[in-house]
Amino acid sequence: MYEPFHRTTDDMLRERPAPAATVGVIGWLRTNLFAGWINTALTLVTLYILWLAIPSFIGWAFIDAQLAGNDRFACTGDGACWAWLDQRINQFLYGFYPSEETWRVNIAFVLLFPALAPWLMENVPGDRYLRWFSVAYPVIATILLVGGFGLEVVQTDKFGGFMLNLTVGLAGIVLSLPIGIVLALGRQSRLPLIRWFSIIFIEAVRGVPLITLLFVSNIILPIFLPPDMALDSVIRVIVMVTAFASAYMAEVIRGGLQAIPKGQYEAAQAMGLNYSKAMRLIILPQALKISIPGIVNTFIGLFKDTTLVIVIGLFDILGIANAMVSNPDWLGLSTETYVVVALFFFSVCFSMSRYSIRLERRLDTDKR
Amino acid sequence: MSTPALNDKGEQFDVRRLLTDERSRGIVLQLAVLLAVALVIAFITSNTLANLQRAGLASGFGFLDDTAFFDINQKLIDYTSQSTFGRALVVGFLNTILVSALGIIAATLIGFSAGVLRLSPNWLISRVVTAYVEFTRNVPVLLQIIFWWATLTALPKVRDSLSLGDAAFLNNRGIRLPAPIFEPGMEWVIGAAVVGIVAAVILGRWARKRQDQTGQIFPSGWAGLGLIIGLPLIVYFLLGQPLEWDVPVRKRFNFQGGFNITPELIALWLALATYTGAFISEIVRSGILSVSRGQSEAAFALGLRSNQTMRMIVIPQALRVIIPPLTSQYLNLTKNSSLAVAIGYQDLVSIGGTILFQSGQTLEVVGIWMAVYLSLSLLTSAYMNWYNKRIALVER
């Protein structure tokens, strides 16, 4: 009988370790940084640029920087001049809001978080009560910011800085949400007149730059309204920003409506629900839920766009920065100022966009 | 007691039926909306007429023929302060198109390279590119425009211009570059370039046809490139190099010769290109990721090399996902170019603003703005629909 030749041992052969060049630090470096000569060259060039850029930036921003002083003449070194931060930070945050009343802005800002929590997070303790609180929040915030009910009245022309960006952005989003829902439903309506009005409004607003709409708010709205109905400039801006945002919001919500399976609509009809009940009880709760990431993204875009109010003469955080850069006391500090404002916007918008990505992932797994 | 009206089915007419019956309810609702819109329009029109009359303004576009009396330093066509408002608007429109076209080209290049590099296996590169994309995307573009403009106008004065190889000069008035002077014969070189492009297209068609029939591959890309570059180059040298450069020379107060690009144009262009480029890179990245891995594995299995796989398998499929959002980014860039008004680049909105305050013709100027941007956006969406239809045919 055929006996195959076997090489036998008593012990099992031990596996040998992977070649040293493919594991550990060296392996990681080889696969991730130095795979092939093109990659090696790219890595080396990038490292060289970083080597030039990072130490000089750190030196400029931190090591050689001047921290305190009353004007730019206090800054004598080569580094950045951060003295203005200490002097002007309140203007950057609150604009020309009376300094003894800024606590109201702070409270309105802090209350924003419990108002948003039930919509953006799950399993918030007591979220049924918080939802009622969020509905009341716009009223509370308006009273806090504008005054009345025993609080000293602050005219809206005192609004400015970051507080103005936040006010315009949030008011725009909150007000545009219901209008956007109506427009999105209108765009899908079977009634031709309503559908066409919605399409014309959405496309007309989305087709023009926000800046022209802001010009409209400044110079056309007064022409359109009777002279005794003059609105103040912040309210005019909020009106136009709301119109602008609701067109975008309508498209976001339309996306949500289209993502709802047809069976849901049919099931609602089969249950005998009429249009408004089907929408209110079945379709919109689902469509709005999957639209939340899109709504957050719209808000990020809108928040960045609130800087455009400087072209019609309001002083938001960028307007304050511009004013400071051309102020003789702080002339020539444009890099420092704009870098700080940019970092500020970056940290707000970046964290919101990370959050919306996380939200999107969570909602995605929900669906399956 | 009057007899209730009967409808066509002979039933008694009941007002409540208007709201419970679905069809009549639709009609009632639409009529209500129509009435509301008509009322709003009537309200606005009557106010507008009253307000205009009070201000003593005539409406209409007659003002476009009036003399402008203001100067424009950035212009593509002849314009003096004696030209008309209409011509000033055309200059502004061309400036919008100029910065948008430059921005779109640069943003596409930046976006595609950043999108591909972000997917690169090189850890360092993909991190650096991610940092660029995330930072630029999350900072308002207006801030970026103003930042670049402030940086460029803080450059040394004309006297201490930074020299780039003694041919170009950088100062707080922008960048001064050598201007090309076309001498007689240059038209032949340009003609040769056109012939080269046409020949390359024909060659490409022929090569594809031959490959379809025989399977033989002709390197039409390289040959076409040779035609497009080589042909004009040969003509250029044959005619004795009919191109001179007018190099700027430093004089006491300013430069002589060459041409100047204003810091406004550079700042706007740079900011729009890097901002939109970051968005485009995300589109490109998701487009490439949307092509399933099986496609490139199948291509490798068929024996295609990796650049062929990229060129013939992955990119054509990725483009389907990329093109529609890409065109809307182009539109966004064009709309964002209106932020020029913040730094004084004289585009359509900025010149329109000047005219608006000089002539008081608010409604007309705003109407022109809206009409221009709306038609640009309608053109874009028409193109997008056409493209979507075209690629839908290719799909099975």
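How many residues of domain 1 of chain A are in contact with how many residues of domain 2 of chain A?

**Before selecting anything.** This is a predicted model, in which local features need pLDDT of at least 70 and side-chain atom pairs count only at pLDDT 80 or more, while totals for chains, interfaces and linings use all residues. Residues are numbered from 1 along each chain as its sequence is written, and chains are lettered from A, with ligands numbered from 1, in the order in which they are written.

**Chain A as a whole.** Select chain A and show its secondary structure: it has 13 helices and 0 strands, where helices (H or I, at least four residues) and strands (E, at least two) are DSSP runs, numbered from the N terminus. Along the principal axes, the C-alpha trace of chain A spans about 110 × 80 × 40 Å. The radius of gyration of chain A is 29 Å, whereas a compact globule of 368 residues would have one near 21 Å; the radius is taken over C-alpha atoms, and the globule rule is 2.2 Å times the number of residues to the power 0.38.

**The two domains of chain A.** Next, colour residues 96-154 as domain 1 of chain A and 158-336 as domain 2, bounds that come from an automatic or database domain assignment. Their C-alpha centres lie 20 Å apart. To return to the opening question, 7 residues of domain 1 of chain A are in contact with 6 residues of domain 2 of chain A, contact meaning that the C-beta atoms, placed from the backbone, lie within 7 Å. The side of domain 1 that touches domain 2 in chain A has 7 nonpolar, no polar and no charged residues (Ala, Val, Leu, Ile, Met, Phe, Trp, Tyr, Cys and Pro count as nonpolar, Asp, Glu, Lys and Arg as charged, and the others, Gly among them, as polar).

**Helices α3 and α6 of chain A.** Select residues 83-94 and 161-187 of chain A, which are α3 and α6, and whose axes come within 2 Å and cross at roughly 15°. Axes are lines fitted to C-alpha atoms, for helices over the stretch in contact, and angles run from 0 to 180 degrees between N-to-C directions. That angle makes α3(A) roughly parallel to α6(A), since angles under 35 degrees count as roughly parallel, over 145 as roughly antiparallel, 65 to 115 as roughly perpendicular and the rest as oblique. Show side chains for A:Gln91, A:Phe92, A:Leu93 and A:Tyr94 in α3(A), which meet A:Gly161, A:Phe162 and A:Met163 in α6(A).

**On to α7 of chain A.** From α6(A), A:Leu183, A:Gly186 and A:Arg187 meet residues of α7(A) including A:Ile194, A:Phe197 and A:Ile202. By class, this contact of α6(A) with α7(A) has 6 nonpolar, 2 polar and 2 charged residues.

**The interface with chain B.** Now bring chain B into view, where 44 of its residues are in contact with 43 residues of chain A. Among the elements giving two or more residues to the chain A side are α2 (36-63), α7 (192-207) and α13 (334-367), and α13(A) contributes the largest share, 10 residues. That side of chain A divides into 31 nonpolar, 11 polar and 1 charged.

Notes: Contact = placed C-beta atoms within 7 Å.
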